[in-house]
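Q: Hi! Could you walk me through this one while I have it open on screen?
A: Happy to, just ask away.

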Amino acid sequence: MQKLHTTVHELKTSLCKISDDLFEHPELGDQEFRSMGILVDFLKQHDFEVETGLVNRETSFKAVYDSKKSGPTIAFMAEYDALPVVGHGCGHNMIATMSVGAGIALSKVLDQIGGKVIVFGTPAEETNGAKVPMAEAGLFDEVDVAMMVHPGDVSTESGESLAMDAIQFEYFGKTSHAAASPEKGINALDSVIQLFNGINALRQHVTSDVRIHGIITEGGMAANVVPDYAVAQFYVRAKERTYLNTVVEQVKQIANGAATMTGATLKISNYELSYDDMCTNQILSDQFNKNLYQVGETVIQPAKKSYGSIDMGNVSHVCPAIHPYIGFGQPGLVAHTTEFANQTITETGHEVIARGALSLALTGADVITQPNLLDQIKIAFIEAQKK
C-alpha cells in the first residue's frame, strides 16, 4: 500500500529525532516520564486519543485511532525503558519509535480500510514488565493481533522465549557470638548455602531448557556474629509455563528443606513479575517476514534459540502476537552493551527504524484488508493454545 510507504518516509526524520532523544536521555523502568511524554505528544499530534497511567503504572499509555468502521484491532507495543550504566543497550528507543511510527502510518489509511489501531506504551520490560498486569487486566482482549519488532545484530524471525519466575528467599535465624556461643545461634546464611547446594543438585534432573541462576543479596554483617538474616534471589526459567511451575515447586521444596536443616524460618516471595513463554503466531510471523523482505531486507534468519524472557510472552497467550528482530547487519553485536546502544543512533540505526515501522504498518494493513489471513491467524492461535 503506497500510502504507508509515503507516510513512513515523511515521518522518518521525526521518528529518528525521537529515538535519538530517548538515547540521550535514558530512563530506567517505571521512571520513563520524559520518554513517555515525547511519545504521547507525537501521537496526539496525529489525532490519537491517549490515556496514561494504566494498571497503576504511571509511565504506561494507550493511544487509540479508531476509524469508526468495522474491522480488526491492530496493536503495536512500545518499550522505552533503558538499562543502568549502558543506557539504551537493548534498543528500546528504537522499539518505541518503530511502534509509534507504525501506528501513525497505519492510522492514515484506516478511514479507507476500517478497523482500529492501538499503540500501547509498556514500561519496565527489563525488570517488572507492564505487559504482565496489562494482560491480566484484559487490556489486550479487544486486540486481534499484537506486534513489535526488536533491533538486533541480524534480522531473525519471531521465535520463543522462556517463561520466568523471579523468586526471593528470606531466612530468619538468631544471632549469637560465633566463637563464644555458636550453639545459641541459628545461622540464616547456612540456610541460603544449603539452598544453593540443593538447587545445584536439582540441575541434573531437569530438562535442558531450564535455567536457574541466583545471588545472595544479604548474608550477614560480621564474621564473629551468627547471621540472623540472609536473602537469596533467583530467576527460574523454562521453555513452557506448565513445566516451569513444576520446577518452581521443586525449588521451593528445597528452600523449605534448607530451613528445616538449620532451624531457620523462611519467607518466599516474588521480587519481580512473572513472564510467560513467548508463543509466536507463525501465520502472522510469515506475513511480517514477507513485508520486511519487501522493504529491503535481504536475509531473515530462523529464530535463534532463546534463553531470555520477555513480557511479550504474556501478551502472546491472550492474542496472536509476534516479536521478531530487525538487524543492524553486524553479526555478533551483543545487546546490553554500550556498543549496541551507540548503533541505535547511526545512519544504519535510522534506516532500521524506517524499515521496521513500515513492515509493521504493512502487516497491520494486510490483517485488516485480508479476512482470510486473519482467519488463519486466529486458527493458528487457537491450535497453539490447545497445545
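**Helix, pockets and sheet**

A: α10 is mostly covered, with 19 of its 23 residues buried, where buried means under 20% relative accessible area (1.4 Å probe, protein chains only). This is a predicted model, in which local features need pLDDT of at least 70 and side-chain atom pairs count only at pLDDT 80 or more, while totals for chains, interfaces and linings use all residues. Residues are numbered from 1 along each chain as its sequence is written, and side-chain values use heavy atoms, with hydrogens and water left out.

Q: How do you decide what counts as a helix or a strand?
A: They are DSSP runs numbered from the N terminus: helices are H or I with at least four residues, strands are E with at least two.

Q: What span should helix α10 have, and what do its end C-alpha atoms say?
A: Helix α10 covers residues 347-369, and at 1.5 Å a residue its 23 residues should span 33 Å; the expected span is 1.5 Å times one less than the number of residues. Its end C-alpha atoms are 33 Å apart, which agrees.

Q: Switching topic: how much space lies in the largest pocket?
A: About 800 Å³. A pocket here is an open set of points on a 1 Å grid over the protein atoms alone, where a 1.4 Å probe fits, with protein on both sides within 12 Å along at least five of seven lines.

Q: Which residues are closest to its centre?
A: Of the 37 lining residues, those are His150, Ser306, Gly308, Ile310 and Tyr325; lining residues have an atom within 4 Å of a point.

Q: And which element gives the most to that lining?
A: β6, with three residues.

Q: What about the second largest pocket, how big is its volume?
A: About 520 Å³. Its lining has 19 residues, and Glu240, Asp277, Cys279, Ala384 and Lys387 are the closest to its centre. The largest share of this lining, three residues, comes from α11.

Q: Now the sheet. In what order do the four strands come?
A: β8-β9-β7-β10, in an open sheet with antiparallel pairing; two strands pair if DSSP finds at least two bridges between them.

Q: Why is one side of β8 and of β10 left without a neighbour?
A: β8 (211-218) and β10 (265-270) stand at the edges with a single partner strand each, so one side of each has no neighbour in the sheet.

Q: How many bridges join β7 to β10?
A: Six, between antiparallel strands. Glu170, for one, has Lys267 in β10 as its bridge partner.

How values were computed: Buried means under 20% relative accessible area, exposed over 50%, partly exposed in between (1.4 Å probe, protein chains only). Grid points are joined across faces, edges and corners, and a volume is the space filled by probe spheres set on the points.
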